[in-house]
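Hi everyone, thanks for coming.

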Amino acid sequence: MKYGARCMYGQDETGTCVNAVAAHWVFVISYCLANLMVFVLVRFAEGAVYLVVVQAITTPLGSLFFTLFKPEPFRWHPEFNITVAFRLAGLCIIVPAVVFYNYFGELEKRRAARRAASIN
């Protein structure tokens, strides 16, 4: 733990963790921006339901990305096994559900607007 703390604050004498500080700040800034985007999505979408839909699709897409690419050095290196099949099956269920949610949500909004216009 002491080594991790020294690495984090740039106090490592060996120079083995030169990228730790930069990676830390990239993570902190990205995390803050992600939370800000969550607030924006809840504010301007139809509440928290759409947020749950978006968060449900990001996990399989992110894991699929790292199945297709290797981070160090960043390059194309796909690995396929049984867990990838489960991710793809999950995407085959979630993506059409998101499309149907958007489509039928818009239909419902139009119907409600027509009903409100016919009443007035």
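Which residues form one aromatic cluster? They are Phe65, Phe66, Phe69, Phe74 and Trp76. Keep in mind that what you see is a predicted model.

Let's look at some of those rings in pairs. Searching the whole structure turns up eight aromatic pairs. In one of them, Phe65 and Phe69 have ring centres 4.9 Å apart and planes at 35 degrees, so this pair is tilted. Phe69 also pairs with Phe74: here the centres are 5.2 Å apart and the planes are at 10 degrees, so we call the pair stacked. The cut-off you need for that is that planes under 30 degrees apart count as stacked.

The peptide bond from Glu72 to Pro73 is cis, with omega near -15 degrees. As background, most peptide bonds are trans. Pro73 itself lies in the loop between strand S1, residues 69-70, and strand S2, residues 75-76.

Next, helix H3, which covers residues 48-68 and includes Thr67. H3 has 21 residues and reaches 31 Å from its first C-alpha to its last, close to the 30 Å expected at 1.5 Å a residue. Its buried residues are Leu51, Val53, Ile57, Pro60, Leu64, Thr67 and Leu68. What do those buried residues pack against? The answer is helix H2 (20-44), S1, S2 and helix H4 (82-119).

Let's zoom in on Thr67. Its relative accessibility is 7%, and it counts as buried because the cut-off is under 20%. Leaving aside residues up to four places away in sequence, Thr67 touches His77, Pro78, Glu79, Val84 and Arg87.

One more ring before we zoom out: the charged end of Arg43 sits over the ring of Phe44, 5.1 Å from its centre.

Finally, the whole chain. It has four helices and two strands, following the pattern α-α-α-β-β-α along the sequence. How does its radius of gyration compare with that of a compact globule? A compact globule of 120 residues would be near 14 Å, but this chain has 22 Å. The C-alpha atoms fill a box of roughly 75 × 35 × 25 Å along the principal axes. Of the 120 residues, 12% count as buried.

Definitions and conventions. Residues are numbered from 1 along each chain as its sequence is written. This is a predicted model: local features need pLDDT of at least 70, side-chain atom pairs count only at pLDDT 80 or more; totals for chains, interfaces and linings use all residues. Side-chain values use heavy atoms; hydrogens and water are left out. Rings of Phe, Tyr and Trp (its six-membered ring) pair if their centres lie within 6.5 Å; planes under 30 degrees apart count as stacked, over 60 as edge-to-face and the rest as tilted. A charge sits over a ring if NZ of Lys or CZ of Arg is within 6 Å of the ring centre and within 35 degrees of the ring normal. Buried means under 20% relative accessible area, exposed over 50%, partly exposed in between (1.4 Å probe, protein chains only). Contact means heavy atoms within 4.5 Å. The expected span of a helix is 1.5 Å times one less than its number of residues. The radius of gyration is taken over C-alpha atoms; the globule rule is 2.2 Å times the number of residues to the power 0.38.
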